[in-house]
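Here is a short briefing on one protein chain. Keep the structure open beside the text and find each residue as you read.

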Amino acid sequence: MVAYSQDQHAFFDSLTATNPVLGKTVAVTTKFSGGQQLNSVPDVATLYEKVRTIPEVPNDWILDRLNALIADQNHNQAAHLTLQVLGDKRPVESDPQDRLIQLLQDIAQQELHQTIPTGGSAAGTDASELTKANPDTTVVVFGPGNMTAHQVDEYVDLDIFNAFVTLYERVLMAYFE
């Protein structure tokens with residue numbers, strides 16, 4: 001498993017394609033576990049990897065390469081590795097000039113009294129699920145928050161939350177009028 005992990009990281013490090021908004025494909029080992037006790041070789045080990053993909057490097061292509069690495073390890077190292085995909089989140093893009101994005105940006109600037117830039121995020125969101133049926137659907141990831149995301153004490157201030165409720169109401173009314 002360690003040899004495979006090293007090969008996998010070398011593979012991801014070799015990817016050079018870059019998306020102008022999302023950057024490069026990023027892979028991070030989030031959990032590595034195995035064994036029952038300190039004085040024996042583990043009979044089973046598990047590696048969890050989170051991969052943030054970009055449109056320029058398709059998910060299926062990455063999976064094919066990872067399966068080839070596994071086949072190589074199984075053949076050359078007498079390993080018994082398998083790959084199980086727990087989530088196949090595709091990267092999504094929306095046109096910043098889309099009417100929904102423009103409305104959201106304009107109304108958000110009025111409600112929040114600050115400039116709202118457009119940009120991208122390599123974070124996993126439900127946007128990839130929402131676009132499966134229609135890849136041309138405009139998606140926007142925009143909501144209340146602060147720097148506590150994914151922490152034990154994650155929270156959103158109530159006044160910010162309420163400001164976003166008003167903001168969303170205004171955007172929906174303007175979009176569907």
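Start with Lys-89 and Glu-129, which form a salt bridge. Their closest N and O atoms are 3.1 Å apart. Keep in mind that the model is predicted.

- Lys-89 counts as partly exposed because its relative accessibility is 35%.
- Glu-129 is partly exposed too, because its relative accessible area is 36%.

**A bridge between two helices**
- Glu-111 and Arg-170 meet through their side chains in a salt bridge, at 2.7 Å from N to O.
- Glu-111 belongs to helix α3 and Arg-170 to helix α5, so this pair ties together parts that are 59 residues apart in sequence.
- With 25% relative accessibility, Glu-111 counts as partly exposed.
- Arg-170 has 33% relative accessibility, so Arg-170 counts as partly exposed.

**Inside the network**
- Asp-88 forms a salt bridge with Arg-90.
- The closest N and O atoms of Asp-88 and Arg-90 are 2.6 Å apart.
- Asp-88 is partly exposed because its relative accessibility is 26%.
- Arg-90 is partly exposed because its relative accessibility is 33%.

**Salt bridges overall**
- How many salt bridges does a search of the whole structure find? The search finds five.
- Side chains of opposite charge can pair when their charged atoms come close.

**A nonpolar patch on the surface**
- Five names to locate are Val-156, Leu-158, Ile-160, Phe-161 and Val-165, which form a nonpolar patch on the surface.
- Together these residues have about 410 Å² of accessible area.
- Val-165 lies in helix α5, which covers residues 158-175.
- Is Val-165 buried or partly exposed? Val-165 counts as partly exposed, because its relative accessibility is 32%.

**Confidence in the model**
- The chain averages a pLDDT of 91.
- A score of at least 70 is reached by 100% of the residues.
- Where in the chain is confidence lowest, and where is it highest? Confidence is lowest in helix α4 (residues 127-130), with a mean of 86. Confidence is highest in helix α2 (residues 59-76), at 96.

Terms used: Residues numbered from 1 in each chain as written. Predicted model: local features only at pLDDT ≥ 70, side-chain atom pairs only at ≥ 80, totals over all residues. Heavy atoms only, no water. Patch = residues over 30% accessible without salt bridge, like charges linked within 9 Å, V, L, I, M, F, W, Y side chains within 5 Å. Areas by Shrake-Rupley, 256 points an atom, 1.4 Å probe, with all protein chains shown as cover. Salt bridge = Lys/Arg side-chain N within 4 Å of Asp/Glu carboxyl O. Helix = DSSP H or I, 4+ residues; strand = E, 2+ residues; numbered from the N terminus. Buried < 20%, exposed > 50% of the residue type's maximum accessible area, 1.4 Å probe, protein only. pLDDT = per-residue confidence, 0-100.
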